[in-house]
Every structure is written in structure tokens, then in C-alpha cells.
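Thanks for asking me to look this over. My notes follow as numbered points, so please keep the model open beside them.

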Amino acid sequence: MNQLPEFKASKLSGEAVETMIRTISDLAGVFEDDAAFRQIDPGSVVYSVDSYMPVAPGTEGGLFFGITHLMPGQVGREFFMTKGHFHEKRDRAEFYWGIAGSGLLVFMSAAGKAWTEEVRPGSLHYVPGDTAHRLVNTGDAVLDVGACWPADAGHDYGSITESGFSIRVMAGESGPEIVHQ
Ligand code: S6P
Ligand code: ZN
């Protein structure tokens with residue numbers, strides 16, 4: 001029998017765990033400052049996601065479990081962040097929880113209304129259905145965040161690629177600033 005995956009000290013390990021890595025070049029068009037974006041080594045890792053998917057993607061009633069490791073950093077004044085997505089099955093919800101580091105979880109409704117919640121070790125976040133979600137690392141250490149989502153949720157990156165989120169999180173004089181688009 002395969003060894004069961006293990007979740008310990010913000011790391012998910014085991015042979016059934018899949019790792020997805022996103023470098024800065026995978027995030028073209030995501031950040032506002034294009035000149036600053038082009039100065040960063042295209043191979044720089046922005047985040048990785050370790051996932052345990054015990055059932056096939058699309059399985060109704062199944063669940064997936066993942067940990068996102070989002071590096072600290074900025075493109076110009078804008079903090080490193082995930083691409084962000086709606087779920088392909090729009091009504092599918094998700095739980096996030098903060099494990100290490102500090103940041104913001106950005107939510108956006110289908111109508112474009114955006115809001116944030118602070119992510120820190122122990123924080124728990126419910127992402128309702130029909131709501132796009134993106135993590136932003138506002139600290140100077142890796143932001144580790146757990147997630148549990150339905151196996152049939154899928155990812156819709158298209159609408160975000162086209163129109164983005166309606167807020168951006170930038171470094172200001174006295175901490176992170178929310179900038180409305
Ligand atoms: C999956 C869940 C997370 C994200 C991860 C990376 O539904 O929300 O595991 O996939 O944080 O973000 P993104 O937007 O690149 O998929
Ligand atoms: Zn999701």
C-alpha cells in the first residue's frame with residue numbers, strides 16, 4: 001500500500017503529493033508595472049502549490065487538499081501574488097487557512113466587488129462560491145497557506161486574465177495599500 005501523505009510544519013509530503021511551480025514568466029500580464037516585471041529573472045519562482053488529490057479531478061463529492069508557498073517579493077510596488085481564479089463550477093466554495101507568514105486574501109464577486117481578509121498563522125477563511133480568490137504576500141517571509149476545495153471545482157483563469165481583479169495590493173509608505181482599479 002502507498003504511504004499516506006503527511007502534513008507537518010507547513011510541508012505536505014508523500015509520493016501522492018503533486019507539486020506545481022509558477023515562475024515570474026508564468027505571471028505575464030498579472031502585475032501592473034511592466035518595466036519592473038521585465039527586469040526580474042524569468043525563472044524566479046513566485047509560488048509553488050503542493051496538492052494531494054486522492055480522486056480524479058472532476059469527481060463530484062471528492063475533496064482536494066493543498067498548501068501554497070508564496071515567496072516574498074515585489075514587482076515594482078506591487079506585492080507577489082497568485083494568479084487568482086474563479087472556480088470553473090462557479091458555485092464551488094473553498095477553505096483557506098494561514099500557516100506561516102503574513103498576507104492578504106483578496107476576494108472578488110462576479111460583479112467585480114473586491115474585499116480582503118488578513119492571512120496570518122491560524123487565520124481561517126471561507127471562500128464562497130462565485131467568488132474569485134488570490135493570495136498576496138505582504139510580509140518578508142514565505143506565506144504558507146492551506147486550502148481544501150471540491151474535486152470538481154476546476155479553475156477558471158480566463159476571466160482574471162482578461163479583466164484582472166478590481167483591487168491591487170501595493171507597498172506604501174506605512175505598509176500595504178489597497179489600490180482600486
Ligand atoms: C485551488 C486553490 C489553491 C490555488 C493556489 C494557486 O482551488 O484556490 O490551491 O490553486 O493558491 O493559485 P492559482 O490562482 O494560481 O491557482
Ligand atoms: Zn480555488
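1. A backbone N or O atom of Gly84 lies 2.8 Å from an oxygen atom of ligand 1. Side chains reach the ligand too: a polar atom of Glu94 lies 2.9 Å from a ligand oxygen, and one of Tyr157 lies 2.5 Å from a ligand oxygen. (A polar contact here is a pair of N or O atoms within 3.5 Å.) Taken alone, ligand 1 exposes 400 Å², and the protein buries 98% of that (Shrake-Rupley areas, 1.4 Å probe).

2. Please bear in mind that this is a predicted model, with local features needing pLDDT of at least 70 and side-chain atom pairs pLDDT 80 or more, while totals for chains, interfaces and linings use all residues. Residues are numbered from 1 along each chain as written, chains are lettered from A and ligands numbered from 1 in written order, and side-chain values use heavy atoms, without hydrogens or water.

3. Around ligand 1 there are 15 residues, with Tyr47 and Thr68 among the closest (a heavy atom within 4 Å). Strands E4 (45–52) and E8 (94–100) each supply at least two residues of this shell.

4. Ligand 1 takes the space of the largest pocket, which holds about 520 Å³. Its lining has 31 residues, with Met20 and Trp149 among those nearest the centre. (Pockets are open sets of points on a 1 Å grid over the protein atoms alone, where a 1.4 Å probe fits, with protein on both sides within 12 Å along at least five of seven lines; lining residues have an atom within 4 Å of a point. A molecule sits in one if more than half of its atoms lie within 2 Å of its grid points.)

Notes
Polar contact = N/O pair within 3.5 Å; in protein donor to acceptor, adjacent residues only side chain to side chain. Helix = DSSP H or I, 4+ residues; strand = E, 2+ residues; numbered from the N terminus. Points joined across faces, edges and corners; volume = space filled by probe spheres on them.
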